[in-house]
Amino acid sequence: MAHTAAASAREILTRLHDVMAKRLPAQSKLNAVVDVIGTVLDSEVCSIYLLREGVLELFATRGLAQEAVHVTRLALGEGLVGTIAENVETLNLDEAATHPDFAYRPETGEDRFHSFAGVPIIRRERAVGVLAVQHMEPRRYADVEIEALQTVAMVLSELIANADLVDSTGGTSTRPQSTAATRVAGFKLVEGMAAGVAVFHQPRITIEHTVAEDVEAERHRVYAAFDKMREQIDRMASQAEFGGGGEHDEVLATYKMFAYDEGWSRRINEAIDSGLTAEAAIERVQQRTRMRMREIDDPLLRDRMHDLEDLSNRLLRTVSGQLGSAAKMGLHQDSILIARNLGPAELLEYDRRRLKGVVLEEGSLTAHVTIVARAMGVPVLGRVRDVRRLIAEGDFLLLDVSEESLYIRPTSAMQEAFDGKLVLSQKRRAAFARLKGEAPITADGHRVTVMVNAGLRDDLAALDLTGADGIGLFRTEFQFLVSATLPQREAQRRLYKDVLDAAGDRPVVFRTVDIGGDKALPYLNHDEYGDEENPAMGWRALRLALDRDGLMKAQARALIEAGGGRTLNIMFPMVSEPWEFEQARDLFEAQRAWLAARGKKMPTEIRYGAMLEVPALAEVLDILLPMVNFLSVGTNDLTQFLFAADRAHPKLALRYDWLSVSILRFLKRVVDQAHAAGVPVALCGEMGGRPLEAMALIGLGIDRLSITPAAVGPIKAMVRSLDRSALIEAMGPMLARPGAPLRETLSAWASEHSVELA
């Protein structure tokens, strides 16, 4: 066997080049291919399965029974071969029969073989076949052999496509399968409504030649493309204008870091060394990245991989000379951009006057493109499946992110309903905007404090736009999540000072960093904790911060310095025991003493609070309350812990109601105990941003809410129409009533008492 992946692949490609150059029928070429691969890799079996009529058919083999050729067929997802094709993944097994998806086919005579390795043959991001090797002795194939197989599979995709041996690859048509009006669902990323024609971000780049004639010439082509691409990114980053700086600036800095990453360019060079053209080498590395993305559970790492995918697309277009993305050609009318995913730089290329919305097949709340789109004010709907099958270039689209809906080729009735909602939405926004100068005082004269949740510099504008009373929850971890490296103390201090400056006399509650669990940071080593089966209940938030006290000390110093001359409100997340709060407070106090000894300007007062998210904390409030200046209930985590129900689980998301008697009774006990101790209670979370739920909370005695900026107007309108005393009196009998959630009962009460819940 060859010593390196490049050497193994190069030897195979050299021999395949001779095979492909001969005037032979396609079947004869495939027969020769399996002989070449089997010989070079010293493998007793080499087989090629191709997708025909929706199933994988054995087309050629060395080592299995020849009678099985064109007889053995496997459905997508069936057996090891079907699993590889369906998941577009690689399998490497020392004992094939132990895999749960193993399916024995007696006609092949494969019962003699134990080891198995298979790679997908990919054409236009879709598996059109499988290349597999087997061996009698149980052994795992070496990484160099797997990489050689993956490289050869890329060349095979060109051969079989040119020979028209496989089903037409999905998604290549410019027309959808249907032209009827359609509604598809997605995932809310950036709020908003938009109408426009469908514009696909970029045409597919088909690689016509995979085997290099001159390796050095291909290497120089890649070097030139890298230089050109980096110049483009530097230029875009310098021209991006959002005003006032922000996390999006850090996003672009991280993106530039990927563009200059030497490891990425080295992997492309290694692929060229194996005998691939520049285009094929980039695609080869990109395929490996896509397969790694499917294996990554960590959403933040997956988002970083999306940036690398974006750069790969850009580099591929540059080296191939196919620079005709939709951005380059220009938008000529109001448009909604369609893409599998986008990088932040690609989004910035578009004319913001014409770009009305974005629809992504993938996407997440923490992705860089989402952060930049929010800064641009462009609504984004993510996780919309099969867009290339359902949408054609130029189709008229209606995007309603609040309803998580995309309407394709809408009927006149759909258009009329959308326009009506848009007009109503605009009127409601105008009505809510008129309330920004009005205090949220109930009809019977009780003042409710309505603050906003924030985490980005761009969120600060919401204070003046909504007339909110302050920031009840500033999520400091966002700065950590969008950064490629641990944010330096000075960068943290600048952000916190900017937040306090923007708030002026209004209070800001900084929640210390809540990372770990499902918000892991790629630059922190989590190996020592092992894989977490339940990350929401794992090593995260205050638990992690107290363990990594260097991180918390740096944040404490940054916050204390930023708060010089002002009142500083600090809140610790996910407190489970009073001693955790005490330890965190003592850490902050030690940093305050350290800074004071060095002559730093100190806050006039530091107020410490705890988030009640873990139900156990409610059982020791008598110990905790004398220690804290304030308490904040985090209903998002609290709800899932109370019901032992993952809030992200699709089957459980709607099963447990915030207005269930159990939650409301729990909250009532917490509020009564805190008020008896003279400790103010606030509520942070989605529950407080919904008018009916917020009404119920006020009925429990909660008079401080911290909610999303978009909810401030509706909540103010509800508060100003509410008789609080009458509601509190009505809530007692409601909570004493067993059975179903109180949603219908509370809705009826609101209607009877003319409470505005729109």
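Biologist: Where is Phe59 found, and why is Phe59 called buried?
Modeller: Phe59 is found in strand E2, which covers residues 55-62; helices (H or I, at least four residues) and strands (E, at least two) are DSSP runs, numbered from the N terminus. Buried means a relative accessible area under 20%, exposed means over 50%, and partly exposed lies in between, with a 1.4 Å probe and protein chains only. Phe59 has a relative accessible area of 5% and is therefore buried. The C-alpha atoms of Phe59 and Gly129 are separated by 9.8 Å, although these residues are 70 apart along the chain.

Biologist: What kind of model is this, and what is left out of the side-chain values?
Modeller: This is a predicted model, in which local features need pLDDT of at least 70 and side-chain atom pairs count only at pLDDT 80 or more, while totals for chains, interfaces and linings use all residues. Residues are numbered from 1 along each chain as its sequence is written, and side-chain values use heavy atoms, with hydrogens and water left out.

Biologist: How do you know how confident the predictor is, and what is the mean pLDDT of the protein chain?
Modeller: pLDDT is the predictor's confidence in each residue, from 0 to 100; the mean for the protein chain is 81, and 80% of its residues reach 70 or more. Over residues 169-175, however, the pLDDT is below 50, and this stretch has 13 contacts in the model beyond near neighbours in sequence, a contact meaning heavy atoms within 4.5 Å. Where pLDDT is low, the predicted coordinates should not be read in detail.

Biologist: How many helices and strands does the protein chain have?
Modeller: The secondary structure comes to 27 helices and 22 strands, and of the 758 residues of the protein chain, 54% count as buried. Among contacts between residues at least 6 apart in sequence, 68% join residues at least 24 apart.

Biologist: What makes His135 count as buried, and which residues does His135 touch?
Modeller: His135, in strand E6 (residues 126-135), has a relative accessible area of 13% and is buried for that reason. Not counting residues up to four places away in sequence, His135 touches Asp42, Ser43, Glu44, Phe113, His114, Ser115 and Tyr141. Of these, Glu44 is 91 residues apart from His135 in sequence and 5.3 Å apart in space, C-alpha to C-alpha.

Biologist: Why is Arg383 called partly exposed?
Modeller: The relative accessible area of Arg383 is 42%, so Arg383 is partly exposed. Arg383 lies in the loop between strand E12 (380-382) and helix H13 (387-390), and it too has a positive phi of about 55° without being a glycine.

Biologist: How do you know that the span of helix H19 agrees with its number of residues?
Modeller: The expected span of a helix is 1.5 Å times one less than its number of residues. For the 14 residues of H19 (residues 549-562) this should give 20 Å, and the end C-alpha atoms are 20 Å apart, which agrees. H19 is mostly covered, with 10 of its 14 residues buried, including Leu551, Met552 and Gln555.

Biologist: What makes H24 and H26 roughly perpendicular to each other?
Modeller: Axes are lines fitted to C-alpha atoms, for helices over the stretch in contact, and angles run from 0 to 180 degrees between N-to-C directions. Angles under 35 degrees count as roughly parallel, over 145 as roughly antiparallel, 65 to 115 as roughly perpendicular and the rest as oblique. The axes of H24 (residues 691-699) and H26 (residues 724-736) come within 8 Å and cross at roughly 80°, and the two helices are therefore roughly perpendicular. The contact is made by Met695, Ala696, Ile698 and Gly699 of H24 and by Arg724, Leu727, Ile728 and Met731 of H26.

Biologist: Why are H24 and H27 described as roughly perpendicular?
Modeller: The axes of H24 and H27 (residues 743-752) come within 10 Å and cross at roughly 85°, and H24 and H27 are therefore roughly perpendicular to each other. Among the residues that make this contact are Leu692 and Glu693 of H24 and Arg743 and Trp749 of H27.
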